[in-house]
Amino acid sequence: MLLEKAILIYALPEARQEAVRSALRDYPVIFVSEDKAGLEVSALLSLSPERSPARLIEPMALFHGLSGHELENALSALRASGAGISLRAVTTPTNLGWSGHRLQSDLSAERE
């Protein structure tokens, strides 16, 4: 069963996590370490056991189940935290089956 709402933050250095946790205190935040980046998004949202590790290039935030208003608030809070997370996305039926690595690759390609 997937969590109803969550914000997944990928590859954020531990030193910057407290600022993000504080800024997003109204939302469930899951910090995804590089060793869990190979997991499918749906596995992370269902807290399934980990599989293969993967390396991420930069921090990334993935928003799941937030309303439009909640998403706007969360994005504002994230920007205000100074975490410098420029890769951001919302979950879709398609990307729930992707790993964090694939998601980051796709977002990076879209940005370019």
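I took helices (H or I, at least four residues) and strands (E, at least two) as DSSP runs, numbered from the N terminus. The expected span of a helix is 1.5 Å times one less than its number of residues. This is a predicted model: local features need pLDDT of at least 70, side-chain atom pairs count only at pLDDT 80 or more, and totals for chains, interfaces and linings use all residues. Residues are numbered from 1 along each chain as its sequence is written, and side-chain values use heavy atoms, with hydrogens and water left out.

**Helix α4**

I looked up α4, residues 100-111. Its 12 residues reach 16 Å from first C-alpha to last, close to the 16 Å expected. I called a residue buried under 20% relative accessible area, exposed over 50%, and partly exposed in between (1.4 Å probe, protein chains only). G100, L103, Q104, L107 and S108 are buried in α4. They fall within an arc of 130° seen down the axis, so they line one face of α4. The arc is that of the directions from the helix axis to the C-beta atoms. A109 and E110 are exposed on the face turned away. The cover over the buried residues of α4 includes β1 (6-10), β3 (60-64) and β4 (87-90).

**Helix α3**

Next I checked α3, residues 68-81. Which residues of α3 are buried? They are E70, A74, L75, A77, L78 and S81. Their arc is only 165° around the axis, which puts them on the same side of α3. H69, E72, R79 and A80 are exposed on the face turned away. Just after α3, G82 takes a positive phi of about 75°.

Terms used:
Contact = heavy atoms within 4.5 Å.
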